[in-house]
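Please have the sequence and model open as you read.

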Amino acid sequence: MNVIADMVNSIIIRDETVITKPDELVIVGRGRSAVVFKLPHEDKVLKVFYPAYTHLAAQEASIYHELDNATYYPTLYEEGAGYLVLEYLEGMTLYDCLRQGKIITEEIIKQVDQALDYARQKDLNPSDTHLQNVMLLWNGEVRVIDVVRFRQATVCTHWDDLKSVYYNYYQHSYFPKKYPRWVIETIIRLYRRGYIRIKKRK
C-alpha cells in the first residue's frame, strides 16, 4: 500500500484549481504546472502536477536524479504518477524578499550561480530560474527549486537578466529594496511581454 499514491488519488484538480484535497494537506506553493502541499508531521512536501502536466513529474524526477541530491537543490524522496515528494524548505523566495524588504546580498547571487554551474556540469540547461524559483533558507543557504525545465533546448536568460538588474540597479543605495506585490507583478508581466529590455551587465 502506497499512502502517498492514495493521497494523490484523493486530490481533485480541475485545470489549475484544487477542488478537493485531504484536510491534513496544506497548500504552500503554486506554479505554472503544479501545486505543492506540506505533508503533515514530516519535513516533506507533495508536488502534484496539474492534469495537463502530469507527464512532467517523471521528467523532473529524472533531473533530480541527475543532480544527485546536491545541496543546491531540494532532496527528492519519492516519485509517482503525476507527483513528487520533495524536501520541505523553510525560508523565503527572492520574490518574498522584495515584498518584505529583506536585503538580497551578493553572496545569495553567487550561491545561485554555483547551483546553476553545477547543473551545467551535469549537462543540464538551467532554465526558468526566476524570483519565485530561488529560496533563501533561514540559515542563509540558497536552494534552487522547480528544475523541470532544466532540459529544454532553448537558451533561457531569466537569471542573467535578474543578475543584470541586481548589479546595475539593486545594489545601489538609492534603489528601493521593498515593493508591493502589484508593482512586482506588473514588472514581471511587462518583462515577459518584451516591453522591458534588460541592460546587460558590463
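Predicted model: local features only at pLDDT ≥ 70, side-chain atom pairs only at ≥ 80, totals over all residues.

Residues are numbered from 1 along each chain as its sequence is written, and side-chain values use heavy atoms, leaving out hydrogens and water.

**Largest pocket**
- The largest pocket holds about 970 Å³ of space (an open set of points on a 1 Å grid over the protein atoms alone, where a 1.4 Å probe fits, with protein on both sides within 12 Å along at least five of seven lines).
- Its lining counts 35 residues (an atom within 4 Å of a point).
- Val28, Gly29, Arg30, Gln132 and Ile145 lie nearest its centre.
- Helix α6 (a DSSP run of H or I, at least four residues) gives the most to this lining, with 5 residues.
- The lining divides into 14 nonpolar, 8 polar and 13 charged residues.

**Second largest pocket**
- About 650 Å³ of space lies here.
- Of its 26 lining residues, Leu98, Leu131, Leu162, Val165 and Ile187 are closest to the centre.
- Helix α5 gives the most to this lining, with 9 residues.
- The lining has 20 nonpolar, 3 polar and 3 charged residues.

**Asp113**
- Asp113 sits in helix α4, residues 106–121.
- Not counting residues up to four places away in sequence, Asp113 touches Trp159 and Lys163 (heavy atoms within 4.5 Å).
- The side chains of Asp113 and Trp159 are joined by a polar contact of 2.9 Å (a donor and an acceptor, N or O, within 3.5 Å).

Methods. Helix = DSSP H or I, 4+ residues; strand = E, 2+ residues; numbered from the N terminus. Points joined across faces, edges and corners; volume = space filled by probe spheres on them. Nonpolar A, V, L, I, M, F, W, Y, C, P; charged D, E, K, R; others polar.
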